[in-house]
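Me: I am new to this one and would like to learn how its features get their labels. Could you walk me through it?

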Amino acid sequence: MLHRLIINVILLIAVMLSLPAKAFDLPELQQQLSLSPVVRGDFIQVREIALLDMPLQSQGQFLLSEKHGLLWEQQTPFPVSLTLAGETLRQRIPGQPETVVHANENPMAFYFSEMFLSLFHADTHVLKEQFNLSLTGDKNQWQLTLIPNAAPLTQVFKNIVLSGGDNIETLSLHELRGDKTTLTFSDIQHMPTVLSDEERLAFSH
């Protein structure tokens, strides 16, 4: 009797293991990447240009706030601060006048900026309008490949690949002309959810 019970348990476990696991889909990925209203971290950007022998590398810190926008602070090889808030893009380089661009003045710049933010959040509702999406893996290690299906993206990118787990870890942009940009993110923090005085100041000016 005990022997048969053990066999039945083993058979039950075997059947359960043979069942296909629940697929990790795009809505789940979007939800996973949108859990926190604030994301802070470090980045390393490597740009491989077909006409250059050596890649160009920069690094710094970023802050993505659902309420305020994106703060991108490059530290090396020289300091540059970019702030995207609403329909205003600001660039600050020490010792130079601040550059301010509004959406109505350069709609193409804001088009690509909004696309970048959509990539950060894996906003599938927005991305599906411009890309064919292919998601592989599970919630612990996934890869999302985006192939553009409409201009102007079809005129610039061959594909865009994101990968990660709880957060986006890498973002690679493959251009038609052979150039490639890879962003690697690390030390991702979701706390505190309230911006510091310095961070709020960066968005308000």
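Me: Which residues does Thr83 touch, not counting residues up to four places away in sequence?

Reply: Happy to start there, keeping in mind that this is a predicted model. With those sequence neighbours set aside, Thr83 touches Leu70, Leu71, Thr88, Leu89, Arg90, Arg92, Ala202 and Phe203. Thr83 itself is found in strand E4, residues 80–85.

Me: Why is Thr83 called buried?

Reply: Buried means under 20% relative accessible area. Thr83 is at 2% relative accessibility, so Thr83 counts as buried.

Me: What makes the link between the side chains of Thr83 and Arg92 a polar contact?

Reply: The side chains of Thr83 and Arg92 are joined at 3.1 Å. A polar contact needs N or O atoms within 3.5 Å, one able to donate a hydrogen and the other to accept it, so this pair at 3.1 Å qualifies.

Me: How do you know whether Ala103 is buried or exposed?

Reply: The cut-off for buried is under 20%. Ala103 has 17% relative accessibility, so Ala103 counts as buried. Ala103 is found in the loop between E6 and H3, and touches Glu87 and Phe110, leaving out residues up to four places away in sequence. From C-alpha to C-alpha, Ala103 and Glu87 are 5.1 Å apart in space, though 16 residues apart in sequence.

Me: And why is Asn104 called exposed?

Reply: Exposed means over 50%. The relative accessible area of Asn104 is 69%, so Asn104 is exposed. Asn104 is found in the loop between strand E6 (99–102) and helix H3 (107–121). The C-alpha atoms of Asn104 and Glu87 are separated by 8.2 Å.

Me: How many aromatic pairs does a search of the whole structure find?

Reply: The search finds three. One of them is formed by Phe62 and Phe185.

Me: Which residues of the largest nonpolar core touch the most other members?

Reply: This core has 34 residues, and those with the most such contacts are Trp72, Ile160, Leu162, Leu171 and Phe185. H3 gives the most to this core, with six residues. A second, separate core of six residues includes Val38, Leu71, Ala202 and Phe203. In soluble globular proteins, nonpolar side chains tend to be buried together.

Me: In what order do the strands of the open sheet run?

Reply: The eleven strands follow E6-E5-E4-E3-E2-E1-E11-E10-E9-E8-E7, with antiparallel pairing.

Me: Why do E6 and E7 stand at the edges?

Reply: E6 and strand E7 (131–138) each have a single partner strand, so one side of each is left without a neighbour in the sheet.

Me: How do you know that strands E8 and E9 pair?

Reply: Two strands pair if there are at least two bridges between them. E8 (residues 141–148) and E9 (residues 157–164) have five bridges, so they pair, in the antiparallel sense. Thr145 stands opposite Val161 in E9. Helix H2 (residues 26–33) packs on the sheet, touching E7, E8 and strand E10 (168–175).

Terms used
Residues numbered from 1 in each chain as written. Predicted model: local features only at pLDDT ≥ 70, side-chain atom pairs only at ≥ 80, totals over all residues. Heavy atoms only, no water. Phe/Tyr/Trp six-rings, centres within 6.5 Å; stacked < 30°, edge-to-face > 60°. Helix = DSSP H or I, 4+ residues; strand = E, 2+ residues; numbered from the N terminus. Buried < 20%, exposed > 50% of the residue type's maximum accessible area, 1.4 Å probe, protein only. Contact = heavy atoms within 4.5 Å. Core = buried A, V, L, I, M, F, W, Y, C linked by side-chain atoms within 4.5 Å. Axes fitted to C-alpha atoms, helices over the stretch in contact; angles between N-to-C directions.
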